Amino acid sequence: MSSVKLPECWGHRGASARYPENTLASFEAAIRDGAEGIESDVHVSVDDVVVMFHDPTLERTTDGEGIIRELKWYGEGGIEHVRTLKEPRQAIPTFAQTIELLMRSENHHVRFNIDVKVQNDPPRLFNLMHTIISSYDDWQTALAPRILLGLWHPRFLPHAEKILPYCRRSYIGVSPALVKKHFWESCEVFSMSFASLATAAGERFRNSCKAAGKEIMVWTVNETAHMMEAVRWGVTVILTDKTQTWLDLRKELQNDYENISAKHSSRLFLWTQPRYYGLFQMGKEYLTALDLEKAGGPMTEYRSWTSVVKEKARLTPPPSPASRSIDTPPA
C-alpha cells in the first residue's frame, strides 16, 4: 500500500460526466461511486428558494429560460417545473432537498462544497441557508462541520463570518494574488483552477499554502494526466466530473504507487498548452476579476470581518499601568 497521502474525490456538480449536472441524480451517483464530497452552486429565486444551479440563467442546461433571481420557484411557469436537457432528464434541486440528501444516515460521511455565485445578495442567501441548515435537531454536529462555503468575491466574507460562522470557508478562483490580498487570513481552504496552479506563480502559491498549513482543492480535473499532476502537487481534494475515473486511479495508486505513477509520468501537456503559461494565466486572472467586479462590485471596498478585528487589535495601544485594574496581571 502507498504511503503517499492521496487527494480526496469530490464530485464537481456531482458525477456530472454521466448525469445532468447539479441534480440529485448526479449527487447520488457521486456518493455511490465513493466520493467523499460533492460540489454544487447556489442562486436564489424571487420567492426566496435557494436553487442548486451553476449559471445565473436557465437556458444552457434546461428547457427553461430566464434569470433565476427574477423567476419564481413555485406555481405556473416556476422553476420547479423546469427539466434538464441532458438525459436522464431531471428536475433542478433546491438547497433544502440537497441538505435532506446529505442528512440521510447513509450519507453522514459526505461533505458539501457550496459554490456561492457572485450574483447573489450575501445576507439574503446566507440567512436563507442558515434557516434550512438549523432546522435539523443535530445540525451543529451532524451537518455544519461538513459544509464548506466557496467564495469568489471578498464582499461575501463579512456576511459569511457573521451569519454562517460554523461553516468552513474557501476562496474559489484562479488568482493566487487575490487570495493573498483578500482571503488568506479568513479562509483555510483555497479551491483553485488546475491551470492557475501549474505556473511558476502557482508553484510558489502551493509552497506557501503547505508552509502555512492551508488546504488546496483543485478543479475541474477530468484527465488522468492532470489527476497525477495534482497528486504530485499534494493537494487535499480533486474536484472532478469523472468521480469513478479518479476513484479507480486512486485505488490503483494505493496498491502500487510507484508503477502506476510511472505509467502516467508524462508532463508534456504543461509545455504544449498555452493555458499553463504564466502570461496566459495573468490574462485569465485579469478577465475573471473584471467579471467579478461587474457582477459584485469593486473588490477593494470589502474587508473581511476577521481582518478588521485583527487590524483594530494591532492598532489599539495596551492599557497604561494607571488604568489597569489591580487584579489584572501585567501583559
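Where is the place of T220? I found T220 in the loop between β8 (215–219) and α9 (224–233). Elements here are DSSP runs numbered from the N terminus: helices are H or I with at least four residues, strands are E with at least two.

**Ground rules**

I am working on a predicted model, where local features need pLDDT of at least 70, side-chain atom pairs count only at pLDDT 80 or more, and totals for chains, interfaces and linings use all residues. Residues are numbered from 1 along each chain as its sequence is written, and side-chain values use heavy atoms, with hydrogens and water left out.

**Entry: overall form**

I looked up the secondary structure and got 14 helices and nine strands. The C-alpha trace spans about 75 × 55 × 40 Å along its principal axes. I then checked the radius of gyration, which is taken over C-alpha atoms; the globule rule is 2.2 Å times the number of residues to the power 0.38. For 331 residues a compact globule would come near 20 Å, and the protein has 21 Å, which agrees.

Next came burial. I call a residue buried under 20% relative accessible area, exposed over 50%, and partly exposed in between (1.4 Å probe, protein chains only). By that rule 50% of the 331 residues are buried. The accessible surface is about 16300 Å², and 53% of it belongs to carbon and sulfur atoms. These areas come from the Shrake-Rupley method with a 1.4 Å probe; for residues, only the protein chains shown count as cover.

I also looked at contacts, meaning heavy atoms within 4.5 Å. Of those with a separation of 6 or more, 61% are between residues 24 or more positions apart.

**Entry: strand β1**

I asked how many residues of β1 are buried. Five of the five are, so the strand is largely enclosed by the rest of the structure. In a regular strand the side chains alternate between the two faces of the sheet. In β1, E8, W10 and H12 sit on one side, C9 and G11 on the other, and both faces are covered.

For pairing I require at least two DSSP bridges between two strands. β1 runs parallel to β9 (residues 237–240) over four bridges. It also pairs with β2 in the parallel sense, over three bridges. W10 takes part in both pairings: it stands opposite L239 in β9, and its bridge partner in β2 is G37.

**Entry: salt bridges**

Side chains of opposite charge can pair when their charged atoms come close. My cut-off is a side-chain nitrogen of Lys or Arg within 4 Å of a carboxyl oxygen of Asp or Glu. The count is 17 salt bridges.

I started with E8 and R111, whose closest N and O atoms are 2.6 Å apart. E8 belongs to β1 (residues 8–12) and R111 to β4 (residues 111–116), so this pair links parts 103 residues apart. R111 is partly exposed at 26% relative accessible area.

R124 and D48 came next, at 2.8 Å from N to O. R124 is in helix α3 (residues 122–133) and D48 in the loop between β2 (37–44) and β3 (50–52), so the pair ties together parts 76 residues apart in sequence. Both partners are partly exposed: R124 at 30% and D48 at 41%.

E161 and R169 form another salt bridge, at 3.7 Å between the closest N and O atoms. Here E161 is buried at 10%, and R169 is buried at 14%. Elsewhere, shared partners join R13, E21, D55 and R60 into one network.

**Entry: backbone geometry**

Most residues other than glycine have a negative phi, and most peptide bonds are trans. I noted departures from both patterns.

R13 has a positive phi of about 60 degrees. It lies in the loop between β1 and α1 (24–33) and is buried at 13%. D48, the salt-bridge partner of R124, has a positive phi of about 65 degrees.

A cis peptide bond joins E87 and P88, with omega about -10 degrees. P88 is in the loop between β3 and α2 (95–102). Another cis bond joins W219 and T220, with omega about -25 degrees.

**Entry: S26**

Is S26 buried or exposed? It is buried, at 0% relative accessibility. S26 lies in helix α1. Leaving aside neighbours within four places in sequence, I found S26 in contact with R13, G14, A15, S16, Y19, P20 and E21.
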